[in-house]
Amino acid sequence: MASGAAPSSFRLNSVDRLGRQIDSVVLAAAETVFPRALEYGTNLLGDTAVVANMLEEVAATVSQLIARRDPPGEPTPIRNLPGYVFRAFVREVNRLKNKELAVLDAAIAGHTLAQRLADPARQLEMKLLVEECLAKFDFVERDMCWRRLEGFTWDEIGPVHGLSGHAAEVRFRNAVRTVKAKLARSRKPLPPTAQTAQNERLMPAMEADDDKGKT
Amino acid sequence: MTTKEKPEFNDEFSEAEFFGFAKSYLSEAFPNPQRVGCPPDSDLQRMAEQPVEARDAAASEHLTCCSPCFNRYMEILANLRRRKAAGQ
């Protein structure tokens with residue numbers, strides 16, 4: 001929106017919610033872009049009150065910036081102040097939206113993990129894997145496991161055993177993979193059910209019938 | 001941190017799931033109220049600071065079947081980590 005556009009009927013407070021004063025020139029620029037900001041912000045954030053607060057905060061920040069950079073009475077160095085305020089507002093809305101999405105993603109991931117760990121079959125599988133790993137790991141791999149359990153990073157774990165962080169991580173992953181492969185190989189087939197046992201009993205008779213047919 | 005953390009061991013098991021389960025399982029599954037075969041605290045301290053296979057193998061193996069010792073060792077490692085972070 002050009003700075004020479006018709007004055008907007010939208011009004012903002014001259015103080016933001018943090019109590020910071022908004023310069024009158026910046027306030028006028030913010031009110032000029034208010035309709036566009038409202039449209040953009042409401043689409044992403046959904047609440048007009050949040051959008052208005054955010055625009056006021058952006059305007060207050062821009063006011064402080066101008067006050068720090070310009071000696072009083074000097075003309076503002078920002079040629080398109082409404083455009084500048086709008087871009088700053090868009091950046092702030094996007095930052096907030098990304099933060100919101102990141103928090104949501106983390107919550108979903110945590111929920112999924114909790115759900116998986118609550119499944120008794122999964123718990124049994126994990127119990128077998130953990131016990132097998134601890135039984136089969138050598139001293140170094142087990143020590144890596146203890147440290148990782150306490151939240152050490154691989155870069156902290158590696159040097160304890162004279163390895164780089166990456167080498168330690170690869171060694172541990174390979175050890176887990178080997179144990180998993182052994183576990184998968186040692187899975188026994190299920191015991192025969194009544195139906196399969198009955199089928200096995202019938203097999204010789206069926207073969208005899210086939211032989212009769214041939215002769 | 002220079003090493004890129006990969007969240008997955010593979011498609012089936014995630015690292016977070018493995019360690020999350022292992023920590024809760026080992027901290028509770030092996031109560032040892034009589035503290036049978038537990039190594040002294042000094043052995044755990046020494047192993048946390050500088051693990052040596054010839055000296056610490058038995059203590060490390062004991063942690064796999066004794067929840068009180070496992071929990072104590074986790075405390076020792078947490079303190080060690082805090083001390084290292086404060087020293088940097």
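In the predicted model, 24 residues of chain B are in contact with 26 residues of chain A, two residues being in contact if their C-beta atoms, placed from the backbone, lie within 7 Å. On the side of chain B that touches chain A, two or more residues each are given by helix H1 (15-28), helix H3 (53-62) and helix H4 (67-87) of chain B. Helices (H or I, at least four residues) and strands (E, at least two) are DSSP runs, numbered from the N terminus. H1(B) supplies the largest share of this side, eight residues. By class, the side of chain B that touches chain A holds 15 nonpolar, five polar and four charged residues; Ala, Val, Leu, Ile, Met, Phe, Trp, Tyr, Cys and Pro count as nonpolar, Asp, Glu, Lys and Arg as charged, and the others, Gly among them, as polar. The model scores ipTM 0.85 and pTM 0.52.

Residues are numbered from 1 along each chain as its sequence is written, with chains lettered from A and ligands numbered from 1 in the order in which they are written. As this is a predicted model, local features need pLDDT of at least 70 and side-chain atom pairs count only at pLDDT 80 or more, while totals for chains, interfaces and linings use all residues.

The contact of H4(A) with H1(B) comprises five nonpolar, no polar and two charged residues.

The largest nonpolar core has 31 residues, and those with the most contacts inside it are A:Val130, A:Cys133, A:Met144, B:Leu63, B:Phe70 and B:Tyr73. A nonpolar core is a set of buried Ala, Val, Leu, Ile, Met, Phe, Trp, Tyr and Cys residues joined through C-beta atoms within 7 Å. A residue is buried if 20 or more other C-beta atoms lie within 10 Å of its own, exposed if 12 or fewer, and partly exposed in between, with C-beta atoms placed from the backbone. Two or more residues each come to this core from H4, H5, helix H6 (154-160) and helix H7 (165-186) of chain A, together with H1, helix H2 (41-49) and H4 of chain B. Leaving aside its neighbours within four places in sequence, B:Leu63 is in contact with A:Trp146, B:Cys69, B:Phe70 and B:Tyr73. Another core, of 22 residues, lies apart from the largest one and includes A:Phe34, A:Ala52, A:Val62 and A:Phe89.

Chain A has eight helices and zero strands, and buried residues make up 25% of its 215 residues. Of the contacts in chain A between residues at least 6 apart in sequence, 64% join residues at least 24 apart. A:Arg91 lies in helix H3 (residues 81-118) of chain A and is exposed, with 11 other C-beta atoms within 10 Å. The C-alpha atoms of A:Arg91 and A:Val58, 33 residues apart along the chain, are separated by 9.8 Å. A:Val15 is found in the segment before helix H1 (24-45) of chain A; A:Val15 is partly exposed, with 13 other C-beta atoms within 10 Å. Beyond its neighbours within four places in sequence, A:Val15 is in contact with A:Arg20, A:Gln21 and A:Ile22.

Chain B contains four helices and zero strands, and 22% of its 88 residues are buried. Among contacts in chain B between residues at least 6 apart in sequence, the share joining residues at least 24 apart is 60%.

Confidence in chain A is lowest in helix H8 (residues 194-214), at a mean of 54, and highest in helix H5 (residues 139-149), at 94. Over residues 1-7 of chain A the pLDDT is below 50. Chain B averages 83, with 84% of the residues scoring at least 70.

How values were computed. pLDDT is the predictor's confidence in each residue, from 0 to 100.
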